[in-house]
Amino acid sequence: MTARAEFIRPSSLAAIELCPGRPVMEARALAAVPAIGRLERAVARQGTLGHEAIAQTLALIYHGPARKAPGLALAQMAEAMAGLQEWTRDGVRRCVAYVVALMDDLERDGRAPVLHVELKLSGKGINVPRGGTADVVIVAGDLVIVEDHKLGFLDQGDAADHLQLGAYAVMAWDRFRPREVQVHLAQGRIRAFTAATFDAAAIEATRRRCALAVAGAEQAAPLLRPSIDACRYCKAITNCRALRERIMIATDELALLGAEPEDRLRLAEDAALARRFAEEARELAKTWSAEREGEVVP
């Protein structure tokens, strides 16, 4: 069976804080229903292709024999971005422009920045054995900048409160030993760009927070606490008994008692969870149906 450690990664730490049992449930679900591992939503595919386009464009600008102008690099990427929705293409362009602006500022300050794209970082310092890959890392003397790109419609908040970026800050600190780490959350599609600075004290506080989340997930019987933030990207959503129980209780309450004003917010989240469950079940059913008919499922 797939080990739960495979599902403990920087990008999932915030969800694991909310629902410590998520990694073990994902491991069990994938072992019981292998088709779950083959599901890929169209919006997720757009994000994957968009990240690849950003990485390739930045490589064209900074890693060739001579630095290219951003406009020329983006023009060369036109074919690669042809499969992207216009909103995603716009997000790609904005994320690239944001990195170029950071590099330009550092160069004007005489810092001689070095750009790393899709940099693999060790997770040993936060008890995440599989580590993680940062979209962009800029090393400029005793300053390290980590940038993460988000190309979806969901607002992921502020960089200072984003645990995935906090985990990357710790991992970059452990690798480069700078004086401080800046993290930048570049949400190109919704045009939101925020940043935060981590000094030694902030790094250690974040390290403890990450380690606490991992420890909760590694318990023999970790807690299951379904919520929309914990379940949004969980692969075990169709196999999670705790989630089904929450949905059924909400359905019974609504049918028998009606919705009182004080219950509406909670029931709205229950409805969102039910919708997420139904969407995943529908995609899984489509996959099974196609496989029975001998089709190749993308």
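Tutor: In this predicted model, residues 24 or more positions apart supply 69% of the contacts in the protein chain that have a separation of 6 or more. The chain contains 10 helices and 5 strands. Its radius of gyration is 21 Å, close to the 19 Å that the globule rule gives for 298 residues, so the chain is as compact as a globular protein of that length. Taken along the principal axes, the box filled by the C-alpha atoms is roughly 65 × 45 × 45 Å. Of the 298 residues, 43% are buried. The chain exposes about 15000 Å², and carbon and sulfur atoms supply 55% of that area. As for charge, there are 39 positive and 40 negative charges, and their mean positions are 3 Å apart.

Gly 188 is buried, with a relative accessible area of 0%, whereas Arg 191 counts as partly exposed because its relative accessibility is 47%, a value between the limits of 20% and 50%. The backbone of Arg 191 also deserves attention: its phi is positive, about 60°, although the residue is not a glycine.

The surroundings of Gly 188 come from several places in the sequence. Leaving aside residues up to four places away in sequence, Gly 188 touches Gly 91, Arg 94, Cys 95, Lys 150 and Phe 193.

With a relative accessibility of 38%, Glu 118 counts as partly exposed.

For a helical part of the model, one may turn to helix 2 (residues 22-32), in which Arg 22, Pro 23, Val 24, Met 25, Glu 26, Ala 27 and Ala 29 are buried. The buried residues of this helix pack against helix 1 (13-18), helix 7 (200-217) and helix 8 (228-231).

The cysteines remain to be considered. Cys 19 is buried, with a relative accessible area of 6%. The cysteine sulfur closest to that of Cys 19 belongs to Cys 231, at 6.1 Å, which is too far for a bond, because a disulfide requires the sulfur atoms to be within 2.5 Å. Cys 231 falls within the range of helix 8 (228-231), one of the helices against which the buried residues of helix 2 pack. Cys 210 is likewise buried, with a relative accessible area of 0%. For the sulfur of Cys 210, the closest cysteine sulfur is that of Cys 19, 17 Å away and too far for a bond. The count of disulfides by this rule comes to 0.

Terms used. Residues numbered from 1 in each chain as written. Predicted model: local features only at pLDDT ≥ 70, side-chain atom pairs only at ≥ 80, totals over all residues. Heavy atoms only, no water. Helix = DSSP H or I, 4+ residues; strand = E, 2+ residues; numbered from the N terminus. Rg over C-alpha atoms; globule rule 2.2 N^0.38 Å. Buried < 20%, exposed > 50% of the residue type's maximum accessible area, 1.4 Å probe, protein only. Contact = heavy atoms within 4.5 Å. Areas by Shrake-Rupley, 256 points an atom, 1.4 Å probe, with all protein chains shown as cover. Lys, Arg positive; Asp, Glu negative; His and termini not counted. Charge placed at Lys NZ, Arg CZ, Asp CG, Glu CD.
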